[in-house]
Amino acid sequence: MSAENVTEVLVVGAGPAGLSLAITLRRHGVPVRIIDRAAQPSTVSKALALWSASLEALQGMGVVDRFVAEGQRLNALCVGEGDRRLATLAVGEGIDSPFPFPLLLPQSRTEELLAARLTELGASIERSVELVGLAQDASGVTATLRHADGREETVRTKYLAGCDGARSAVRQALDIAFEGYTEPQTFLLADVKIDGGDLDHRSIYLWWHNGGTIAMFPFGQEVWRIFSMRGPDSPKGDEPVTLEEIQHCVDRYGPSGLRLRDPSWLSIFRINERLAARYRVGRCFIAGDAAHIHSPAGGQGMNTGIQDAVNLGWKLAYALHGVGNGELLLDSYEAERRPIARGVIDAAAQKQHLSFGASKLTSMVRNMAVSIFGNIPAVHRKLQVELSETEFAYRDGPLVALGGSKRSSKRTEVGTRAREVSFVDVATGRNASLWPYLSAPRHSLLIFPEGDRPVSLNGAVEEAGDHLQVLHVDGRCDPTGKVRTRYRLSGPGWVLVRPDQVVAARGVGNDFGTLQAYASQVLRPRSGA
Ligand SMILES: Cc1cc2nc3c(=O)[nH]c(=O)nc-3n(C[C@H](O)[C@H](O)[C@H](O)COP(=O)(O)OP(=O)(O)OC[C@H]3O[C@@H](n4cnc5c(N)ncnc54)[C@H](O)[C@@H]3O)c2cc1C
């Protein structure tokens, strides 16, 4: 065994969640080690959709432009039965975000772009390194890592994050229950090219016929991801899937006239709906698929993991920098993120059962629902806004409690996401977008003064130093009042936004009591730190 090494944070697993966490920590200046037991990056497409809240988070990681330049925007979701198209739902409507659209990009490419960003920030993935054991005490975690040549290394780290996927060794070592169930059916997956059928390569197709379902997602150059299902009574059981079997499913259940060819990935899988009983044990945390897994219906798994990572990242950084009440911050991670995962799992299971349910009653209800509700714009919007994950509200935990007692889901209330809006950058006189400003690795305080009268904060945040930036949204900065309107303030007031672009606290007039209370718990350097 080699000599003991010491690090601040050990991230186990370099999938989307681990990479996002490592990037966030580096953005906050925290040294990080990130390991993955796989010798090579994954080459399979897996998650294809990046939703708006993830794109917003990618801006915070300083990498969103590359995703937007490379990813493919989606046009529509087309739903049909046999030869009938039941509905065409335009995609990207009603999402209030600087990125009001889902972006299609294979997960393998998402991971490549994230890994490149991490390298720019001075860290890189250590491959063929597996976590095989961990133990913790009051001051840190001792992790045992096994290298490709069988050598074992002991690492001492202040915090450890298990982003090591559904079978998480970290979750198991911490003895955290992964509560839930496995669906009985076997699902089939194929990445193929398709001839015929006049499909729009910017639309998703969800099709039913003869008691079965086909879902088709476009990505890359002419490639389509196809999902279908083997019934629980299928004699094939868990046999590997072939192109012929997928073609048979498409012929039987899908739009007519499609010829599949050139499969680049064929796989079968079972759907698990599971949520970890805890996200934190002492100095160890879990995030991403290690903490929650569910049906791919709705395409939320990777997205939820990325957002776990940005929630945890800044809190770990503050705790390590000796800023604020570390225990309060770190406890707030599970309190905020676990209820979100619960909601995502339940909603994905519902979509899954509605889309793939084979009974006559299910298909009748489904066809009626799509024909009636699928053509109502408000229903499209509601579904897309839900999937975008931009309208969630953190309601629980010690951090949102600091922001004030009012619990409303209205956007820009405490615990909800901040809003994008343009303002005049007084230094340049030009219009600027607020989102990049809010994406800095620090808290942002927006102060809305009474007229042009200067505001005295009465020392409420004087110890925050580099962990806070202040924007005076006065008449020069906001001549038409649209920033004020977006933040729902009719008179003077203030809104404090966290580094993960969530509203931390807000107040009206010159009452900075809540700001002072929040700052003393979150922004004040700890004595001796
Ligand atoms: C077919 C399919 C389609 C999907 N479609 C979507 C979609 O459209 N949208 C969406 O959001 N999600 C989708 N998902 C889910 C998505 O792929 C996962 O949610 C995502 O990969 C989870 O990321 P993660 O970083 O948490 O874990 P993973 O991607 O599983 O990464 C975990 C990493 O940890 C490493 N590791 C494991 N154990 C150890 C250890 N002991 N030591 C060191 N390293 C270890 C692994 O090698 C791996 O690289 C889909 C999944 C599948 C299978």
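A nonpolar core is a set of buried Ala, Val, Leu, Ile, Met, Phe, Trp, Tyr and Cys residues joined through side-chain atoms within 4.5 Å. In this predicted model, the largest such core has 72 residues.

**Nonpolar cores**

- Within the largest core, the residues with the most contacts are Val 9, Leu 21, Leu 58, Phe 67, Leu 131, Leu 160 and Leu 316.
- Helix α7 gives the most to this core: nine residues.
- Setting aside neighbours within four places in sequence, Leu 21 contacts Val 11, Ala 161, Cys 163, Ala 309, Leu 312, Gly 313 and Leu 316.
- Another core, of 25 residues, lies apart from the largest one. Its members include Leu 399, Ile 447, Tyr 518 and Leu 523.
- In soluble globular proteins, nonpolar side chains tend to be buried together.

**Ligand shell**

**Polar contacts and burial of the ligand**

- Asp 289 places a polar side-chain atom 2.7 Å from a ligand oxygen atom.
- Ala 17 has a backbone N or O atom 2.9 Å from an oxygen atom of the ligand.
- At Arg 37, a polar backbone atom is 3.1 Å from a nitrogen atom of the ligand.
- The protein buries 85% of the 990 Å² that the ligand exposes when taken alone.

Technical notes. Residues numbered from 1 in each chain as written. Predicted model: local features only at pLDDT ≥ 70, side-chain atom pairs only at ≥ 80, totals over all residues. Heavy atoms only, no water. Polar contact = N/O pair within 3.5 Å; in protein donor to acceptor, adjacent residues only side chain to side chain. Areas by Shrake-Rupley, 256 points an atom, 1.4 Å probe, with all protein chains shown as cover. Buried < 20%, exposed > 50% of the residue type's maximum accessible area, 1.4 Å probe, protein only. Helix = DSSP H or I, 4+ residues; strand = E, 2+ residues; numbered from the N terminus. Contact = heavy atoms within 4.5 Å.
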